[in-house]
Amino acid sequence: MSVVPSSLLPASAAPAFRGRIGRDAASGHYAVPHRYRLHVAPSDPGCLRIAVTHALLGLDDTLPLAVLPETPDTPDGGHAALRPLYEASAHLYDGPAAAPVLSDGWTGRIVSTHVPDILRDLALRFRGEGPDLLPAERRREIDALSDLCERSVNRAAQRAGELGIDGAAAHRDPLAVLFGALGRLERRLARSPYVLGDAPTAADVHVWVTLVQLDTVHRWHLDAAAMDRVAGHPALWAYAQRLAAQPEFARCLDVDAVLRRHHAHCRGREAAGAGIRIVDWSADPR
């Protein structure tokens, strides 16, 4: 396992614990029922992706999930409940005890805090009888869709919101990137129930959580005209609503908690689009 020294990171960043779950006992960390625990605050998008993946794989009886409060409860932006794990895992650790955490009950230490690694290990090492969320032949596509979500939706929407609530021309470029990405997803979902065909994969978890963020968080900083265009992707938002009605997705999502977390951290200005909600995330469309 590697740990990035806190002296090399911004004050607000947690060190990246990058242990991995191996195939067998020779790897040190290997998949054993009840050995590990996940600590997540599902109001955070990375934690929500982990919680949904955990639910889709049916890991409740194998890998316990500890749900933390939606907002950190220490002045440095961490969780007091995680402090003993961090201090046991890094000598003289003085940074925030942030979620998510995959911990090892045998050693009392952290295996990983890195969302992509945790997600891969859940899908590949703890899967059991659950669906194959990372089929080998689709992993390159899944990685590309994850990159699309992060760069072309999340970052573009955030950038457009920072620049555009007064109608400034500067926000047009990030909005073009955002609408281009949404159009690509719309075309995929107009011809298949999931983004890569007829079965869910890790790409669906990432896309769905990204849409949750867009419709609950980013909308506060996009103007009404931008949100009207965001809403103009019927296949995409029908897909989001359909997944929200599935128990594995629905049980992990607390929109009020997402909003409380956002309002606790956000210092940006609210735009006219804040009153527009595309999806009723708690409604069953059937």
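Predicted model: local features only at pLDDT ≥ 70, side-chain atom pairs only at ≥ 80, totals over all residues.

User: Let's begin with helices. How do I describe two packed helices?

Analyst: Two things do it: the angle between the two axes and the distance between them. Here, take α5 (residues 172-189) and α8 (residues 234-244): the angle is about 70° and the axes are 7 Å apart. An angle from 65 to 115 degrees counts as roughly perpendicular, so α5 is roughly perpendicular to α8.

User: Which residues of α5 and α8 meet?

Analyst: From α5 you have Leu-182, Leu-185, Glu-186 and Leu-189, and they meet Pro-234, Ala-235, Leu-236 and Tyr-239 of α8.

User: On to rings. What describes a pair of aromatic rings?

Analyst: You give the distance of the centres and the angle of the planes. This structure has 6 aromatic pairs. One of them is Phe-17 with Tyr-86, at 5.6 Å centre to centre with 80° between the planes, which is edge-to-face.

User: Where do Phe-17 and Tyr-86 lie in the chain?

Analyst: Phe-17 is in the segment before β1, while Tyr-86 belongs to helix α2 (residues 83-89), so their pair ties together parts 69 residues apart in sequence.

User: Are Phe-17 and Tyr-86 buried or exposed?

Analyst: The cut-off for buried is under 20% relative accessible area. Phe-17 is at 0%, so Phe-17 is buried, and Tyr-86 is likewise buried at 0%.

User: What about the pair of Tyr-36 and Phe-126: how are the rings placed?

Analyst: Tyr-36 and Phe-126 are edge-to-face, with 5.8 Å between centres and 85° between planes. This pair links distant parts of the chain, since Tyr-36 sits in strand β1 and Phe-126 in the loop between α3 (115-125) and α4 (139-164), 90 residues apart. Tyr-36 is buried at 2% relative accessible area, and Phe-126 is buried at 6%.

User: Which residues do ring pairs link into a cluster?

Analyst: Phe-17, Tyr-86 and Tyr-93.

User: Now a single residue. Where is Ser-43, and is Ser-43 buried or exposed?

Analyst: Start with its place in the chain, then its accessibility, then its neighbours. Ser-43 is in the loop between β1 (36-40) and α1 (45-56). Its relative accessibility is 5%, so Ser-43 counts as buried. A polar atom of the Ser-43 side chain lies 2.9 Å from the backbone oxygen of Glu-70. Leaving aside residues up to four places away in sequence, Ser-43 touches Glu-70, Gln-213, Ala-257, Val-258 and Arg-261.

User: Which residues of helix α10 are buried?

Analyst: In α10 (residues 255-265), the buried ones are Val-255, Ala-257, Val-258, Leu-259 and His-262. Those buried residues of α10 pack against α6 (202-216).

User: Last one: how far apart are Gln-158 and Leu-214, in sequence and in space?

Analyst: Check both distances side by side. Gln-158 and Leu-214 are 56 residues apart in sequence and 9.2 Å apart in space, C-alpha to C-alpha. Gln-158 lies in helix α4 and, at 46% relative accessibility, counts as partly exposed.

Methods. Residues numbered from 1 in each chain as written. Heavy atoms only, no water. Helix = DSSP H or I, 4+ residues; strand = E, 2+ residues; numbered from the N terminus. Buried < 20%, exposed > 50% of the residue type's maximum accessible area, 1.4 Å probe, protein only. Polar contact = N/O pair within 3.5 Å; in protein donor to acceptor, adjacent residues only side chain to side chain. Contact = heavy atoms within 4.5 Å. Axes fitted to C-alpha atoms, helices over the stretch in contact; angles between N-to-C directions. Parallel < 35°, antiparallel > 145°, perpendicular 65-115°, else oblique. Phe/Tyr/Trp six-rings, centres within 6.5 Å; stacked < 30°, edge-to-face > 60°.
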